[in-house]
Each structure stands twice: as C-alpha cells, then as structure tokens.
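Subject: Handover of a structure and the findings on it

Dear colleague,

Please find below the structure that I am handing over to you. A written account of the findings follows it.

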Amino acid sequence: MSKSLIAFYSRADENYVSGELKRLETGNTEVAAGIIKELTGAQTFRIEQAQPYSADYNECIEQARSDQKRDARPELKSYPDGIEDYDTVYLGYPNYWNTMPMAVFAFLERFDFDGKIIKPFCTHEGSGMGNSEKDIKRLCQGAKVEEGLAIRGGSVSRSRELIEKWV
C-alpha cells in the first residue's frame, strides 16, 4: 500500500463565505483535509507561516496580495522531516489571488517531488483552482500533478461525496 501525506494551508478567523464575512473556528481547507484523512488514513501536515496573516479578512487578503506581488516566501513554523516515504501528496490550500498562498510555494520549494503524485485541492468562493495547478507543475517538475479539486468554501462541510469521488 502506498503511503500518502495531506499537506495543507488553512485559515480560520474571519473569512468570506457565501457572500458574507464569517468567523470560522476551523478553516475550510482544514475541513476538507479532515475528510480526506478520514477517507485515506493519510498523515497530515499543516503548512503554517511563522508570522500568520491578520485575523481580519480584509487585512489578510491585502497581506496575501502584497506577498504575491513581491513573490515572497514567508518563513514557515516547521516542515516535515522529509517526503521521501510518501508516494502521494494531497496538497490543500485556499485560492488566494488566483493561486496558492505564498507559504505553500515555500513548502513546495523545500522538497524534491520527482516521481511523486500530487493531488491538489483548494477551497474558494467562486474562483476555482485559478492558476494553482500550473504553478504546482512549474514548481514540482518530475511530479505527476493530477487534476485538482476545487471546493466552494461555503459548502465544504457538505462535500464528502464530492471528495470521495475525487480521492
């Protein structure tokens, strides 16, 4: 049996959900990662910035936009010891400005994904996968990047069947 890792970036606090700002105890991407863990038994790793974005949604998106414009690679709190033992990496993130948060770029650039299968999934409120699949292929040459799964954040808690078909 192949070994899988679920590496995900998620943000709780104030989020834009179904057309309005709501405070979330658990971020939408983390909810999706939890469903994938239940379905696969894969290990999880949370991608976290050493300096998190603001809890305020509007400040957060401006910080994320600034990082993207500068092509920043935020320092992460930690990294897995390695990924060589994993065949498949489920990579989760919210869609920030048409791609992944820059912390996910920092995570991907840390490791060699040659020969790995990457299954990207993102949460969004209308923008789908954006350019993230293309960005993952560019960063992880040699990996097989499968078609991603875009989950509307407002319906993530009701997406088990959708995720099960994709897994």
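Is Asp-71 buried, partly exposed or exposed? Asp-71 is partly exposed, at a relative accessible area of 48%, where buried means under 20% relative accessible area, exposed means over 50% and partly exposed lies in between, with a 1.4 Å probe and protein chains only.

Before the remaining findings, a note on their basis is in order. This is a predicted model, in which local features need pLDDT of at least 70 and side-chain atom pairs count only at pLDDT 80 or more, while totals for chains, interfaces and linings use all residues. Residues are numbered from 1 along each chain as its sequence is written, and side-chain values use heavy atoms, with hydrogens and water left out.

**Backbone angles**

Asp-71 is found in the loop between α2 and β5; helices (H or I, at least four residues) and strands (E, at least two) are DSSP runs, numbered from the N terminus. The phi of Asp-71 is positive, about 55 degrees, although the residue is not a glycine. Most residues other than glycine have a negative phi. Trp-97, in the loop between β5 and α3, also is a residue other than glycine with a positive phi, in this case near 50 degrees. Trp-97 has 35% relative accessibility and counts as partly exposed.

**Pockets**

The pockets were found on a 1 Å grid over the protein atoms alone: a pocket is an open set of points where a 1.4 Å probe fits, with protein on both sides within 12 Å along at least five of seven lines, and lining residues have an atom within 4 Å of a point. Grid points are joined across faces, edges and corners, and a volume is the space filled by probe spheres set on the points.

The largest pocket has a volume of about 430 Å³. Its lining comprises 21 residues, and those nearest its centre are Tyr-57, Pro-94, Asn-95, Tyr-96 and Glu-125. Two or more lining residues come from each of β2 (13–17), α1 (28–40), α2 (57–69) and β6 (117–124). Of the elements, α2 gives the most, with three residues. By class, this lining has eight nonpolar, eleven polar and two charged residues; Ala, Val, Leu, Ile, Met, Phe, Trp, Tyr, Cys and Pro count as nonpolar, Asp, Glu, Lys and Arg as charged, and the others, Gly among them, as polar.

The second largest pocket holds about 220 Å³ of space. It is lined by 13 residues, of which Tyr-9, Ser-10, Arg-11, Arg-46 and Pro-52 are the closest to its centre. The classes in this lining are five nonpolar, three polar and five charged residues.

Why is helix α3 (residues 102–110) largely enclosed by the rest of the structure? Seven of its nine residues are buried, so the rest of the structure largely encloses it. The buried residues are Met-102, Ala-103, Val-104, Phe-105, Ala-106, Phe-107 and Leu-108. Their cover includes β1 (4–8), β4 (43–46), α2, β5 (88–94) and α4 (132–139).

Thr-123 belongs to strand β6 and is buried, with a relative accessible area of 5%. Its contacts (heavy atoms within 4.5 Å), leaving aside neighbours within four places in sequence, include Asn-28, Thr-29, Tyr-93 and Pro-94. With Thr-29 there is a polar contact between the two side chains, at 2.7 Å; a polar contact is a pair of N or O atoms within 3.5 Å, where within protein one must be able to donate a hydrogen and the other to accept it, and residues adjacent in sequence count only if both atoms are side-chain atoms.

**Salt bridges**

A salt bridge is a side-chain nitrogen of Lys or Arg within 4 Å of a carboxyl oxygen of Asp or Glu, and by this rule the count comes to 14. Arg-73 and Glu-109 form one of them (2.8 Å, N to O). Arg-73 lies in the loop between α2 and β5 and Glu-109 in helix α3, so this pair ties together parts that are 36 residues apart in sequence. Arg-73 is partly exposed at 30%, and Glu-109 is partly exposed at 40%.

Arg-46 and Glu-48 also meet in a salt bridge (3.6 Å, N to O). Both belong to a network of salt bridges that links Glu-30, Arg-46, Glu-48 and Lys-77. Arg-46 has a relative accessible area of 25% and is partly exposed; Glu-48 is partly exposed at 28%.

With kind regards
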